[in-house]
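This briefing goes through one structure by topic, for a reader who has the sequence and coordinates at hand.

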Amino acid sequence: MAPLSSADTETATRPPRHREATLYAPLAGASARTALPESAPVGDAASLLAALREQALSSYEAAELPVWRRSGFWTTSFAPLDLAALEVHHHEPAAADGADVPLPQAAAKRLPERARAGRIVQLDGSVISVELAESASAQGVRLCSLEQAAAEGSEAFHRHYSQRLTSDRNKLEAANAALWTGGAFLHVPAGVVIEDPFEIVSVLGSAGSAQHARVLIVGDRASEFAVHEYTLAEDFEGQALHTEGFEMYLSDGARCRLAHFQDLGPGEVYDATTRVVAVGRDAFCHWLPALLGGHLVRQHLELAVTEPGGDMAFRGIFFAEDAEMFDMFAVDLHEVGPSGGDVHWRGAASGSARASMEGLIKINPGAQQSHTYLQIHTVMLSPKARIDAIPSVLVSADDVSASHGGSVGELDEDVIFYMQSRGLDRTAAVRVLVEGFFEPVLGELADEPLEGVVRAKIAEKLAAARAEIEAYAAGR
Amino acid sequence: MAELEIRDLHVRHEDLEILKGVDLSIDKGEIHALMGPNGSGKSTLANTLLGHPGYEITQGAIIFAGQDITEAEPHERAKAGLFLAFQYPVAIPGVSIANFLRMAINAKRDEPIGVKEFRGQLETAVALLDVDRSFTSRPLNDGFSGGEKKRAEILQMAMLAPDIAILDETDSGLDIDALRTVAEGVAKLHKSQGLGALIITHYQRIFHYVTPQFVHVMLDGRIVLEGGEELVERLEREGYDQIRQEHGAVV
């Protein structure tokens, strides 16, 4: 991709404006594995990984930092990132028993006290602790660093690693595939049902840190489990980078509730993340990313029904404040039918924040009897905030239903007055309004501790924007 | 001095002078009726009393419980004991009636209300308004019918126990059963809590269930006629035109 400079106005060297859906369509469901040369030795986990890293490294070295120019006002540019100044920071892992490792501050502040099935924590480039409940371990659940899974020659790793992630679409995706360290691997064997969630935590520790996180989760036939991923950063000034390649594969009849709490703090933190969830035959995933902080956040989130009978509920929340920029692309991909889908995102922006939320329903040829719906609702809390909500539908089958809806709104002064007339002050009224706005999605977490974490962060964002929200109201 | 004193109130809304000098006093335990045709300024008065930012007071004062609240924020007026039952209650998606009421009650208190106490109050209010207990779990006014919205208004009034309530056309759009429930609810609160009320309406029928001691007629931003219960019947019989002719010189 051509570099952008301020003097550069030549259309020939400048990426055209586009919708993400247009770029994505021909690549849907692609895998870096298919691009490997036939001669590559891929007979075991370690050699497969080495071959994929090598392939990704050449993409990484060839590419410039990505710039996406979108319709309307939007350009997402990682060009200001001084990549050469960033390093992967390493930390001492915990003692073998994994006990008594203090959580990084950002994690200690956010993670709820609760029952859990396991927890893996990565600080910058290193996994610093892994714990797994005995009951889960006894049923054959494996939770470890992804490095370890590869080194041990895990069959699930060999079967699934990078099965649906590419490594050549842009420099940061390639960086992740080539350079990831630590990582998280969770394998839930067939028939195993675990009620408490597994927590996968990554924390950026300081300015100057580049964290390339990688997650592989495999749920075998008829397994049932929940995963909460926390992507966090300490409070620092200066540049840092989080890249992530996340993939989850659910086999026949598996069921998973997957949620993400993403808050990369007030620093100049760049986030380039790709997450793919593949739902197999008669499997189900309830997926809810909550994207709540970062200087520039670029996320590609893809939920694919890959076998007949797969079903999913794809929920999402985002809230950009201050000068944050979020660029999100959520895909509801139906490779086969019959399949079900339901996508419902809600987002807010305050300050001079910008958010672009593109949602795509894609139904492949032959995916008959796919039924899905996409809705995006947004609210702008200040006159300078901008949200672009773009739904797209690409359908290549004729016996399906796919539609979309949504709304773009501002704070309704009549509703605020109504609440004030009942005794709530303006700040409380705005908070009730915004929390109520998120509630239809937030309530679906069906997990009180995690809901509390998300609510607290939303409340913090509202408190920070208080003065400006009041000024906005007074000016209207 | 009466609990609520409105003195020579002039109000502008969207560059139009709507109220042109309104004087009105309402004491605790008194039921007042404010009647008048569409556009006479009744809803403007209601919104202004609670401090809606879209209504600008250009002259006059509002005194409540001995305090000048002409410039007070809406929530301060509510805390002082004023209540407005809205003509068009707005929806608050995602917030149940019960949760909203808990917030509103706690906003008036130093210590949050206890679970048991709250539940007791809610059950009493639910019985008064003849609604199902599950009603209070629904998001406030979201997808409510006209009758449900008005019931929800009176339910909030019962829970918040104001000294003076303004009911802005609470009777409009209600079928006869809903009207009776709502009006009898007001009458009971009047009796049990000593509620004072300003009932704004076009019609006589709500006064079959709750009897006003004072009746005020508003035309073109002024109160032009005042009297007792008998005035309601006269209005029903003669309409506003007759009064407009008699008081045309004032307008």
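Gly452(A) is partly exposed, because 13 other C-beta atoms lie within 10 Å, and a residue needs 20 or more to be buried and 12 or fewer to be exposed. The model is a predicted one.

**Gly452(A)**
- Gly452(A) is found in helix H10 of chain A, which covers residues 448-464.
- Between the C-alpha atoms of Gly452(A) and Leu442(A) the separation is 9.8 Å, with the two residues ten apart along the chain.

**Nonpolar core**
- The largest nonpolar core has 225 residues. Val279(A), Cys285(A), Leu303(A) and Ile166(B) are those with the most contacts inside it.
- Helix H9 of chain A (residues 426-442) gives the most to this core, namely nine residues.
- Leaving aside neighbours within four places in sequence, Val279(A) is in contact with residues including Leu250(A), Phe284(A), Cys285(A), Leu303(A) and Met312(A).

**Chain B overall**
- Chain B has seven helices and ten strands.
- The radius of gyration of chain B is 18 Å, close to the 18 Å from the globule rule for 251 residues, so chain B is as compact as a globular protein of that length.
- The C-alpha trace of chain B spans about 60 × 40 × 35 Å along its principal axes.
- Of the 251 residues of chain B, 44% count as buried.
- Among contacts in chain B with a separation of 6 or more, 70% come from residues 24 or more positions apart.

**Six-stranded sheet of chain B**
- Six strands of chain B form an open sheet with mixed pairing, in the order S6-S7-S8-S3-S9-S10.
- Strand S6 (82-85) and strand S10 (222-227) of chain B stand at the edges with a single partner strand each, so one side of each has no neighbour in the sheet.
- From one strand to the next, the twist averages 20°.
- Strands S3 (residues 31-35) and S9 (residues 214-219) of chain B pair in the parallel sense over four bridges. Met35(B) has Val217(B) in S9(B) as its bridge partner.
- Helix H7 of chain B (residues 230-246) packs on this sheet and touches S3, S9 and S10 of chain B. The direction of H7 makes about 15° with that of S9(B).

- A four-stranded open sheet of chain B has antiparallel pairing and the order S2-S1-S4-S5.
- Its edges are strand S2 (16-26) and strand S5 (67-68) of chain B; each has a single partner strand, so one side of each is left without a neighbour in the sheet.
- Strand S1 (residues 4-13) of chain B and S2(B) pair in the antiparallel sense over eight bridges, and Leu9(B) stands opposite Val22(B) in S2(B).
- H1(B) packs on this sheet, touching S1, S2 and strand S4 (55-64) of chain B, and its direction makes about 65° with that of S4(B).
- Eight of the eight residues of helix H1 of chain B (residues 42-49) are buried, so this helix is largely enclosed by the rest of the structure.
- Gly51(B) follows H1(B) and has a positive phi, near 85°.

**Contacts between chains B and A**
- Contact between the chains involves 21 residues of chain B and 17 residues of chain A.
- On the side of chain B that touches chain A, the elements giving two or more residues are helices H2 (74-80), H3 (97-108) and H5 (146-160) of chain B.
- The residues on that side of chain B divide into 14 nonpolar, four polar and three charged.

Definitions and conventions. Residues are numbered from 1 along each chain as its sequence is written. Chains are lettered from A and ligands numbered from 1 in the order in which they are written. This is a predicted model: local features need pLDDT of at least 70, side-chain atom pairs count only at pLDDT 80 or more; totals for chains, interfaces and linings use all residues. Two residues are in contact if their C-beta atoms, placed from the backbone, lie within 7 Å. Ala, Val, Leu, Ile, Met, Phe, Trp, Tyr, Cys and Pro count as nonpolar, Asp, Glu, Lys and Arg as charged, and the others, Gly among them, as polar. Two strands pair if DSSP finds at least two bridges between them. Axes are lines fitted to C-alpha atoms, for helices over the stretch in contact, and angles run from 0 to 180 degrees between N-to-C directions. A nonpolar core is a set of buried Ala, Val, Leu, Ile, Met, Phe, Trp, Tyr and Cys residues joined through C-beta atoms within 7 Å. The radius of gyration is taken over C-alpha atoms; the globule rule is 2.2 Å times the number of residues to the power 0.38.
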